[in-house]
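Dear colleague,

I am handing over the structure shown below, and my findings follow it. Please read them with the structure open beside you.

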Amino acid sequence: MRALIVSVALLLASITLPTGAVTVQPSDASITRAKEILKGIDDLWRGDSSHAIFSMHVRTEHYQRTMQMEAWSKGKDKSLVKILKPLKEKGTASLKSGKHLYSYLPRTDRTIRLTSGMMMGSWMGSHFTNDDLVDESRMEEDYTPAVTFEGQRNGQNIIEFALIPHEDAAVVWGKIIMTIFANSLLPIEEIFYDEDGVETRRMTFSDYKVMAGAERPAVMRVTPTDKPDEYTEIIYEKLELNVDLKDSLFSINSLKHRH
Amino acid sequence: MSQQHRAIVELHNITRTYIQGEIEVNAVSNLNLTISAGEFTTLCGPSGSGKTTVLNMIGALDEPTSGVVTIEGRNLTELNRSEISALRRDRIGFVFQSYNLIPVLTAYENAEFVLALQGVKPAERREQVMAILKEVGLEGLEHRRPDEISGGQQQRVAIARAIVTHPAIVLADEPTANVDSATAEALLDLMQELNQNDGVTFLFSTHDQRVIDRAKRVIHLRDGKLESDILQ
Amino acid sequence: MLMHFAFRNLWRHRQRTFVTIAAMGLAGSIMIFYSALMEGMLFASERNAISMNSGEMQLHVENYRRDPDLYKRIDGSYSIINKLQQAGFNASPRLYGFALAAAGTASSGVKMSAIDIDYESKVTKIHNHVMRGSWLSKDLPNDVVIGRRLARTLGVDVGDEVVIVGQAADGSMADALFNIRGILKSVGEEIDRAGFYMNVSTFRELMVIPEGSHEIVIMPKDGYSNTLNERLEQVRKLVPQLELLSWKKLLPAIAEILDMTDASIVVMILITYIAVGMVILNAMLMGVFERIREFGVMKALGFSPWQIFSLILLESQIQVALASMITIGVGIPLSLYFSVHGIDLSQFTSGFTFGGVALDPHWRSMLTPQSVIMPVGLLFAIATLAVIYPAIKAAVIQPIEAIHHQ
């Protein structure tokens, strides 16, 4: 979900959150307020398509590695990520098309579709799961936003949202808490809880700078709560929004092509 | 002389009651009787007079309802099972109407096993058994089994078995009932000889006139009571 | 004296004696043979269960079984294996990894099992369970052997290609193309569904694991036998730093089924014995009651109740002793014959499963001390129990009743 959102430029495109169904649990006023704010974010950051180059730095108990990737997205359900470095994995590509995820493996020149059993596996050895890459669109259908805090925190004006899944939604998370700056609507932090309400991972944003004509966070770090020494960090090197991308870019055939 | 008049069996006020259906029947009532060493005595009377019951009680095969039976001065009611077994083994010889030999044993073995039971050594057993078998006229038939010899011969084996242990008394229940007249006479001759020559005490229960004729003492029972006690 | 008497009685009633002895002896022989067949089946099930894949015991790093992790490896596995070999065991190192296998448009999660062919063949017999194609070869590093359901899921057969994608130990992408060299017979749910066997050297390169192994599988060199606990202790002393599990812990479901079967075999044997016991009881009852008059006369002539009881007991014990000789003399050779030749069931079935374990269609008996001691012991026990009632009856009977009992 968010990973891709973010990774593929996207914090923004993605924060075009819910406009869908409403549950009555949080107060109607807070939901209405949340939707208003999210609408504002959407207006500010909407981009129909994106092109980015970023590096991904993964640190685990057992290894540490850095990759450079290039990514494209169009709409909410089309995205493509290709590895530029290291050389060993260059050309390896992930394509998201609708709810399906495909991988192209240059060494064996094969394209495979990931099955549902693989979705919770690690994406490219990072702390993101494959599921994170395809989950985006479901987010809007499955969760209801509500403003839980507005005001000063650590000397900053912030807004805190809680995203709660609908009772019958088949989702991975039990709750997501998202904090943004009240003035700029830039993201600060997202905290993910499992279905038992236990904190599972934390995503933090930093290094706000102007990219694609506006201020945005250039660094995003995911830390698993049970392994605080591990993390995956994505650092944007280049970001363009509203670029002209053909639909054919997001086809299985184009996976093999070098750019 | 004192040996001859020593009391072997004493019955004191013996009553034996059977329950037949719901009626109590006194097979023997208030009977007093003494049998001494060397006697050749017969109990007689019609069927149901109680003569077999008396014989069984003396042989410790049956117990009186009241009264005391003593054998050589020992009160049977005071003896335990193994003492009763030992008494029957050592002091009493039985001769039955239907012989009651052990069918799988030879004539020799039938006479021998009571001695074996007493713990007599094999060599001694052999000597005694051969002597007795010769005495009862079975020489040469030692290795026959009961079904290989005549009724009279079987009864001779039974007599040999009864006397081989030198019992205080031999109890013979209708010993001649299953044999022909000549055989009966021969058996009686044998027993009379044993009584006269060896001093074996015999107590018969019979209604055979030939036995009664030979007895030295005849005790008549009727309805479980002593009717007469005659020395002949 | 009683002994002499007992022998003579038996000899004089020899027809009945022989029939009784023959009946008991034959029943006993059948019991031995039956026990040996059951033991053989249990043994074969156990042996097949453990020789298929699990081995008799396994070593892992603490908690590997609960949470299998690429990084929980046994260091210096070959020196441990050398140590085990000197102590009379065969042992084999294994590595495991989870990955995605894909062929055409189909894909499925697999459990890669990396084995050292030379070592593995001494420990397990999985190489004998190839349904199509053949087992791994050291000379063909890109060949794999897979489970039958996995082959169906992927829609592949021998000679086809399959792609593996996973994550190597250094976080890099592990992907490679393999040839399917063999497809396994049904060996067990997990292997059927996800088994993916490859050479250990191939796996090390793919997964970037130059050293160590996840598992060491152990079998005693002298084959499987009954002293598992002793051997567990022996291995535990040799390698105290690792977690040691016996096959009973590794295959708890099968161990439980086999235990239950063991118990049900005992029950079946007992039921058969009760039936045999009835026959013996009948023979003993008839033998005593036919002679009740004889016993009465013996009592009248001075046998004590205890002597009568002892005599009858002695007669039955002599008969059982002779019957035991027949039991042993017939039962053991019969069982030994079928332990070598087996009962050929191949015309009825090409192989059958018992407790979830595939069995050879040649059903072989197995003679154990237990399969002889139990039938003979029970023969004695039952004959003794069967004769106690008539013996007591004869011992306490009134001689006067017995004499008049025609």
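In chain B, strands β1 (residues 7–20) and β4 (residues 66–71) pair in the antiparallel sense over five bridges. Here strands are DSSP runs of E of at least two residues and helices are DSSP runs of H or I of at least four residues, both numbered from the N terminus; two strands pair if DSSP finds at least two bridges between them. One of the bridges joins E10(B) to T70(B) in β4(B). Both strands belong to an open sheet of four strands in chain B, with the order β2-β1-β4-β5 and antiparallel pairing. Because β2 (23–36) and β5 (74–75) of chain B stand at the edges with a single partner strand each, one side of each has no neighbour in the sheet.

Please note that this is a predicted model, in which local features need pLDDT of at least 70 and side-chain atom pairs count only at pLDDT 80 or more, whereas totals for chains, interfaces and linings use all residues. Residues are numbered from 1 along each chain as its sequence is written, while chains are lettered from A and ligands numbered from 1 in the order in which they are written.

Chain B as a whole contains eight helices and ten strands. Of its 232 residues, 44% are buried (20 or more other C-beta atoms within 10 Å of the residue's own, with C-beta atoms placed from the backbone). Chain A has six helices and 13 strands, and 40% of its 259 residues count as buried.

Chains B and C touch each other: 15 residues of chain C are in contact with 18 residues of chain B (contact requires C-beta atoms, placed from the backbone, within 7 Å). On the chain C side, α1 (2–12), α11 (292–300) and α14 (399–404) each supply at least two residues.

The largest nonpolar core has 109 residues, of which A91(C), A101(C), V163(C), F196(C) and I218(C) touch the most other members. Such a core is a set of buried Ala, Val, Leu, Ile, Met, Phe, Trp, Tyr and Cys residues joined through C-beta atoms within 7 Å. Strand β2 (residues 89–103) of chain C gives the most to this core, with eight residues. Apart from it lies another core, of 107 residues, including I8(B), V54(B), I132(B) and V211(B). Leaving aside neighbours within four places in sequence, F196(C) is in contact with residues including A101(C), V110(C), M112(C) and I146(C).

With kind regards

Conventions:
Buried ≥ 20, exposed ≤ 12 C-beta atoms within 10 Å, placed from the backbone. Contact = placed C-beta atoms within 7 Å.
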